[in-house]
Number of protein chains: 2
Amino acid sequence: MSVERTLHHFPLDPASRQVRLALGEKRLPFTEVSVRYWERPKELTRLNPSGMIPVLVETPSEGPPLVLCETRAILDYLEEAYPEPALLGREAADRAEARRLLTWFDRKFEFEASGFILHEKIEKRLLRLGAPELANLRQGRDGLRNHLQMMEDLLQDRDWLAGRRLSLADFAASAHLSVIDYFGDVPWRDFPTAKTWYMKLKSRPCFRPLLADRWPGLAPAGHYDDLDF
Amino acid sequence: MSVERTLHHFPLDPASRQVRLALGEKRLPFTEVSVRYWERPKELTRLNPSGMIPVLVETPSEGPPLVLCETRAILDYLEEAYPEPALLGREAADRAEARRLLTWFDRKFEFEASGFILHEKIEKRLLRLGAPELANLRQGRDGLRNHLQMMEDLLQDRDWLAGRRLSLADFAASAHLSVIDYFGDVPWRDFPTAKTWYMKLKSRPCFRPLLADRWPGLAPAGHYDDLDF
């Protein structure tokens, strides 16, 4: 049975990027609809009452479409419906570690680092809220350094963030970091192990579409799509 | 193989309550450790570097303990390790709906309603931050009414929040609401369908331990443990 797959997303949204990476790694083709979510379009609210992206719609050749709302629901569905390659590990301990880190990046990292930076660099531009506040940017950048140090420590003994295998934890972390990197705000030089990890991710085919993203009026940093940065 | 199970939690924490409800519904016995998480105890940070509760530790009679950090990781593990009774539904659409609502309550409900109310009513007491700010409480209560209306609408056509069967979505919603209800701040009278739904949940055996919770210096509202409120 053939399936038509549509992802409603925003190119510079870390949550959307996690889903694009998982779809890419599983080689699942999809059509993209870029959504100006901050304008609260009715089509989006009709699909997802929370008004949040990403939303993935799978329409089989027969039967009703399956509407998947919110990152974690989409990622969990993709693991269940398309288990190869596995992106959560097979052992309970591996899965628990990957899921611990998913929450880490989607809550703690966003709360302490990316929330500050992306509000100042993206949301204020899109919503015309004025110039970035330096105090907020500084707080976000300080938080970012703490998180990069945490990653640096984890990656001393591990090939990937959750252990020996690539997992959704790597996609969550790199999705968040890649948007900050678009603005050139990741101090890679001071975190060499994290930088090597990011180079490995950047060179995977699933990452290529993210590196091609451009948003009008927001130019990326020079090294953004450079695999050897 | 026998397993020793310990839950590190705080009685009035909505995230911890979700896990207690799932453990209760699956009839999985556990030892409780009540954690004063706001004091950042080292034992907790050693188990979970984010310093967040809940943390579930399962120690088998042989082999290393399994440490499960963060609500979603624990709930996902319990579904995988103890699939009966199923708390996520079996069909992809049911699972997607339950998971959509999990994110709704853990992010949107917390951001728009419970975050305001519980910060003013619990955190300020525990952290000795002074009296509640009425403007914050009002904003939280307004948000709460919007969310109760959303539930009221959903429950017009459904027995449970995600559909025909009890699911983790009901536990997420009732865990959040039950803490607000401890303080008597849920306007049940104006939302009769949601009230009936909450009565059904309250009368389940898994809910009893929550209704017995008391925290020194914070007395519950008179109807808190009343099954016919």
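A salt bridge is counted where a side-chain nitrogen of Lys or Arg lies within 4 Å of a carboxyl oxygen of Asp or Glu. In this predicted model, the side chains of Glu25(A) and Arg204(A) form such a pair, at 2.7 Å from N to O. Between domain 1 of chain A and domain 2 of chain A, the count is one salt bridge.

The model is predicted, with local features needing pLDDT of at least 70 and side-chain atom pairs pLDDT 80 or more, while totals for chains, interfaces and linings use all residues. Residues are numbered from 1 along each chain as its sequence is written, and side-chain values use heavy atoms, without hydrogens and water.

The domain bounds come from an automatic or database domain assignment.

| Item | Value |
|---|---|
| Domain 1 of chain A | residues 3-81 |
| Domain 2 of chain A | residues 92-211 |

The centres of domain 1 and domain 2 of chain A, taken over C-alpha atoms, are 21 Å apart. In contact (heavy atoms within 4.5 Å) are 15 residues of domain 1 of chain A and 24 residues of domain 2 of chain A.

Buried area is the accessible area (1.4 Å probe) that two parts lose on being put together, summed over both. Between domain 1 and domain 2 of chain A this area is about 1,800 Å², and carbon and sulfur atoms give 67% of it. Leu12(A), Arg17(A) and Leu21(A) lose the most area in domain 1 of chain A to domain 2 of chain A, together 34% of what that side buries.

Key
Chains are lettered from A and ligands numbered from 1 in the order in which they are written.
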